[in-house]
Amino acid sequence: YPDARMRLLGLVTLVVLAGCSSAGREAAWEKSEPVPRAAGTSTASVGQLTDAEAAWALRDDKAQLEKALKIYEAIVAKDAGHGLAMTKLSRAYYFLVDAHLSLNDAVTPEDRLAVLQKGVDWGERALLVLDPSFEKKMRAGVEFDQAIKDIEKPAIEAAYWYCANLARFAHAKGLAARLFHKDRIGAAMERIAEIEPNFFHSAVDRLFGSYYAGLPSVGGRDLEKAKIHFDQALKASPGYLGNKLLMADLYAVNTNDRALYQKLLKEVIASPDGDDPDIAPENRAAKRHAEKLLNMTDERF
């Protein structure tokens, strides 16, 4: 089976190259300094956190989102163990790319990658702060895929936003990066599902659906599994429009189902934003993405 052997060799080469390319970046757990604890106890931090949350609530406005980012970063500058602020930074940088930069054609791919990298970095730091056992294992040389299996509930939000940024970063970097990081992301999602199956509006099913649909065929793409996860997300969390958006963008495109693609995107556009302030801005961003993708139908099929 020479063709199969050549495909396997190519796959291995890509993974090795991805590993080499990632070696230039020092992960948070590879740094020597210990992670501070007892975060968020100062009066200044509490007041700043209130200001940051007020700006975050207005994140549809890019200027307000950037204001929130600056305040969260100022909190961490004063309180280096503020895991909550770090987690919010990871989520906020993801939202900056998703809701603003990715819809602006004037923003370069390199600029978007730099922002996603910040989201990854803050997610890493938050994981170490919020789960001391995880930090201990990572500094002892335990593989991430193993260490993440034992994180506790306080760290799952940080783990999710770390992986959301990492998945999008890897997708943008290309095939080698996706293959290199896929097991890390998969292991984290499995742990989150064990602790809180419907975390953040079916985030695990949403990410697993994207994970199995977005992988290359040589790297484990499984469209049947992707559909199962997307269907579960739509059933459990119909009000979160990102579930339909990603099913259209990844599953419908990769199954060459033009009718499903258009149906899902039109449903996103026609859906209400919802009253939940935790996701209404995300839903409005999903609608903007859906309009853009619907206009690209002929390009994608």
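Author: In helix 12, the buried residues are Gly242, Asn243, Lys244, Leu245, Met247, Ala248, Leu250, Tyr251, Ala252 and Val253. Buried here means under 20% relative accessible area, exposed means over 50%, and partly exposed is in between, with a 1.4 Å probe and protein chains only. Helices are DSSP runs of H or I with at least four residues, strands are runs of E with at least two, and both are numbered from the N terminus. This is a predicted model, in which local features need pLDDT of at least 70 and side-chain atom pairs count only at pLDDT 80 or more, while totals for chains, interfaces and linings use all residues. Residues are numbered from 1 along each chain as its sequence is written, and side-chain values use heavy atoms, with hydrogens and water left out.

Since 10 of the 13 residues of helix 12 are buried, the helix is largely enclosed by the rest of the structure. Among the elements covering those buried residues are helix 10, helix 11 (223-236), helix 13 (258-270), helix 14 and helix 15 (297-300); contact means heavy atoms within 4.5 Å.

Now for its geometry. The end C-alpha atoms of helix 12 are 18 Å apart, which agrees with the 18 Å that its 13 residues should span at 1.5 Å a residue; the expected span is 1.5 Å times one less than the number of residues. There is also a bend of about 35° at Ala248, taken as the angle between axes fitted to the seven residues ending there and the seven starting there. Ala248 is itself one of the buried residues. After helix 12 comes Asn256, with a positive phi near 55°.

Of its 45 lining residues, Tyr94, Arg168, His171, Leu246 and Asp249 are the closest to the centre. On a 1 Å grid over the protein atoms alone, a cavity is a set of points where a 1.4 Å probe fits but cannot get out, whereas a pocket is an open set with protein on both sides within 12 Å along at least five of seven lines; lining residues have an atom within 4 Å of a point.

The lining divides into 25 nonpolar, nine polar and 11 charged residues. Ala, Val, Leu, Ile, Met, Phe, Trp, Tyr, Cys and Pro count as nonpolar, Asp, Glu, Lys and Arg as charged, and the others, Gly among them, as polar. Helix 8 gives the most to this lining, with eight residues. The buried residues of helix 8 pack against helix 4, helix 5, helix 7 (144-147), helix 9 and helix 10. Just after helix 8, Gly174 has a positive phi of about 125°.

Stepping back, the protein has 15 helices and zero strands, and 47% of its 301 residues count as buried.
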